[in-house]
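Biologist: Thanks for sitting down with me over this one. Could we go through it together, one question at a time?

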Amino acid sequence: MHHMDVKTAFLNGELEEEVYVVQREGFAGKENSNMEYALYKKINGVEKMIIGTYVDDLIIVGSNKQVIAQFKEEMHQKFEMSDLGLLSYYLGIEVRQSSESITLCQAGYARKILEKLGMGECNPCSIPMEPRMKMSKHGNGEPAVDKTLYRSVIGSLRYLVNTQPDIAYSVGVMSRYMEAPTTSHLIVVKQIFRYVKVTLSFGCVYKKLSNVELVGFSDSDMAGDIDDRKSTTGVLYYLGVNPITWVSQKQKVVALSSCEAKYIAATAGTCHGVWLGRILSNIRQLQVKPKLNVDNKSAIALAKNPVYHDRSKHIDTRFHLCASVCKLKLLNWNM
């Protein structure tokens, strides 16, 4: 992975005239991906190059050094740019590259947060949240804490989730209490930071793959939020052995059974799987069929045969996307 930066992107920001911007279909012979508007690709036989754009930065991934060098030269001719070489640091994410793998970590970013909160020398903790902990928006009559501080630390933790999926659930739960945080909420948040202190060097490792297999997992609790009795969805997808996307999010509706809660979670997993499969197929020009693992036989049976009866007829139509995807064989469901 290589990194380039446009030098003069913000030097002339003030405009007196109206400017309309349209996303181009491609540039310099590169084809725009129809799945991601900030993604461009060039495929010539077995040689592939992918360019990701973010504001004034370009992330270039390719299998041929000469093709990458040629692209850099083309960009230098058109724009005043800085060639930052191999990508090593980007938006607080540290990147370590070797011949066998790429590792993403946010150790420096995490240390800065800990120092900012005065927790640089805090006692470490082996888990981010106590098992089966139940929190409430109203607390237990504890005094309130500074809303700005609480929201700031939650925002910092949410950014850490980019390379630490193991704290996604804990951070997602504590994000629900930003409106009126209390001391009990802040204590739990500090436990997450104590866990981060132990896992500073943790991150995501991405290894080279010979076979591309997209495998996902979906799960949920049952009525875990004691304020509104909504359940929490968890979804994780691997490309081979590499984790590529994860989410932990409270469901929008109240599930009346564990089957329904798992079914709603599986719907979220199905959406992620179809989207990822299309992106990978678009990049590799090969059909990729995702596989989703669901740990509830009733939810799987409902997806394969969505019979409307007393236990399922109330489920919103949009959640029956699973049935359509299974019928079209766009994604395989497993127990």
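Biologist: How many disulfides does the structure hold?
Modeller: Keep in mind that this is a predicted model. A disulfide needs two cysteine sulfur atoms within 2.5 Å. The cysteine sulfur closest to that of Cys122 is in Cys125, 9.4 Å away, which is too far for a bond. The count of disulfides in the structure is zero.

Biologist: Is Cys122 buried or exposed?
Modeller: The cut-off for buried is under 20% relative accessible area. Cys122 has 15% relative accessibility, so Cys122 counts as buried. Cys259, at 16%, also falls in the class called buried.

Biologist: Let's turn to the open sheet of five strands; which strands stand at its edges?
Modeller: The strand order is β14-β13-β12-β15-β16, and the pairing is mixed. An edge strand here has a single partner, so one of its sides is left without a neighbour in the sheet. On average, neighbouring strands are turned by 20° against each other, direction ignored. The edge strands are β14 (242–250) and β16 (332–334).

Biologist: Which residue of β16 stands opposite Asn293?
Modeller: Strand β15 covers residues 291–294 and pairs with β16 in the parallel sense, over three bridges. Helix α7 (residues 297–304) lies across these two strands, at about 155° to β16. The residue opposite Asn293 is Asn334.

Biologist: How far apart in space are Leu280 and Val212?
Modeller: Leu280 has its place in helix α6 (residues 258–284), and it is buried, with a relative accessible area of 13%. In sequence, Leu280 and Val212 are 68 residues apart. From C-alpha to C-alpha, their separation in space is 9.3 Å.

Biologist: What kind of aromatic pair do Tyr109 and Tyr159 form?
Modeller: The structure holds two aromatic pairs. In the pair of Tyr109 and Tyr159, the ring centres are 5.3 Å apart and the planes stand at 70°. Planes over 60 degrees apart count as edge-to-face, so this pair is edge-to-face.

Biologist: Which helices hold Tyr109 and Tyr159?
Modeller: The two tyrosines tie together parts that are 50 residues apart in sequence. Tyr109 is partly exposed at 22% relative accessibility, and Tyr159 is partly exposed at 25%. Their helices are α2 (residues 107–116) for Tyr109 and α3 (residues 147–160) for Tyr159.

Biologist: And which strands hold Phe217 and Tyr238?
Modeller: Phe217 and Tyr238 form an edge-to-face pair, 6.2 Å centre to centre with 90° between the planes. Phe217 is partly exposed at 39%. The pair ties together parts 21 residues apart in sequence, with Phe217 in β12 and Tyr238 in β13.

Note on methods
Residues are numbered from 1 along each chain as its sequence is written. This is a predicted model: local features need pLDDT of at least 70, side-chain atom pairs count only at pLDDT 80 or more; totals for chains, interfaces and linings use all residues. Side-chain values use heavy atoms; hydrogens and water are left out. Buried means under 20% relative accessible area, exposed over 50%, partly exposed in between (1.4 Å probe, protein chains only). Two strands pair if DSSP finds at least two bridges between them. Helices (H or I, at least four residues) and strands (E, at least two) are DSSP runs, numbered from the N terminus. Axes are lines fitted to C-alpha atoms, for helices over the stretch in contact, and angles run from 0 to 180 degrees between N-to-C directions. Contact means heavy atoms within 4.5 Å. Rings of Phe, Tyr and Trp (its six-membered ring) pair if their centres lie within 6.5 Å; planes under 30 degrees apart count as stacked, over 60 as edge-to-face and the rest as tilted.
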